[in-house]
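My notes follow the display.

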Amino acid sequence: MQDNFENSSKLTHLNPQGEAQMVDVSNKIPTVRQAVATARVRMLPATFAAIQAGNAPKGDVLGTARLAGIMAAKQTSNLIPLCHPLPLQKITVEVTPDPELPGYQIYATVRTKAETGVEMEALTAVSVAALTLYDMAKALEKSIQIESISLVSKTGGKSGDYSNVGF
């Protein structure tokens, strides 16, 4: 266990005792940062058709999921223990039908000018949007699957840009 503590000086989320801590970003210069995340929600063709036709028992499935994703991005620091609260300047959540799944592709883009990145905010947005889609449609189908939550890209910050080539 001592080896972990010796390496903790290199791990910014651990203090010298090896305990979790919030990273000190106070000396960083705020820069424009953006992150894009995605998730898939797979369902039976009949469920997909009902949602597309606007025939879900709880109402506007896609609009509610989109709004939930936006709201979730703003609450990320309340949900993830070591995330910094950030001033988010732009949040978009797109819920796009994909008949090939069948189901929906969800994309969230989050942008800020801050000392740290917004990857967790984008990932939280797509996760909660997908969960909300499930909640709004579970009366139609309990076997809906949430899949492939991942970071698509990020820009800005010390670590530079990242792009997941598979997307």
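The entries below go from the whole chain to single residues.

**Ground rules.** I am working from a predicted model, where local features need pLDDT of at least 70, side-chain atom pairs count only at pLDDT 80 or more, and totals for chains, interfaces and linings use all residues. Residues are numbered from 1 along each chain as its sequence is written, and side-chain values use heavy atoms, with hydrogens and water left out.

**Whole chain.** I found five helices and five strands in the protein chain. Helices (H or I, at least four residues) and strands (E, at least two) are DSSP runs, numbered from the N terminus. Read from the N terminus, the order is α-β-α-α-α-β-β-α-β-β. I looked up the extent next: the C-alpha atoms fill a box of roughly 55 × 35 × 30 Å along the principal axes. The chain has 167 residues, and 40% of them count as buried. Buried means under 20% relative accessible area, exposed over 50%, and partly exposed in between, with a 1.4 Å probe and protein chains only. I also checked contacts, meaning heavy atoms within 4.5 Å. Among those between residues at least 6 apart in sequence, 69% join residues at least 24 apart.

**Helix 3.** This helix covers residues 61–74. Its 14 residues reach 20 Å from first C-alpha to last, close to the 20 Å expected at 1.5 Å a residue. The expected span is 1.5 Å times one less than the number of residues. I asked which residues of helix 3 are buried. They are V61, A65, A68, G69, I70, A72 and A73. Their cover includes helix 2 (45–53), helix 4 (76–79), strand 2 (88–98), strand 3 (103–114) and helix 5. At the start of helix 3, a side-chain oxygen of D60 comes to within 2.9 Å of the backbone nitrogen of G63.

**Helix 5.** I counted 19 residues here, reaching 27 Å from first C-alpha to last, close to the 27 Å expected. Its buried residues include L123, V126, L133 and M136. E121 is buried in helix 5 too, and it turns up again as a contact of H84.

**Largest pocket.** About 520 Å³ of space lies in it. Of its 21 lining residues, H13, V25, K28, T116 and G117 are the closest to the centre. A pocket is an open set of points on a 1 Å grid over the protein atoms alone, where a 1.4 Å probe fits, with protein on both sides within 12 Å along at least five of seven lines; lining residues have an atom within 4 Å of a point. Volume is the space filled by probe spheres set on the points, which are joined across faces, edges and corners. Helix 5 (residues 119–137) gives the largest share of the lining, three residues.

**Single residues.** H84 sits in the loop between helix 4 and strand 2. Is H84 buried or exposed? It counts as buried, because its relative accessibility is 15%. Beyond four places in sequence, H84 contacts M22, V23, V25, S77, T116 and E121. T109 is in strand 3 and touches Q34, A35, V36, K90, I91 and T92, leaving out residues up to four places away.

Most residues other than glycine have a negative phi, and most peptide bonds are trans. S148, in strand 4 (residues 145–155), has a positive phi of about 50°. A cis peptide bond joins L101 and P102, with omega about -15°. P102 lies in the loop between strand 2 and strand 3.

Technical notes
Polar contact = N/O pair within 3.5 Å; in protein donor to acceptor, adjacent residues only side chain to side chain.
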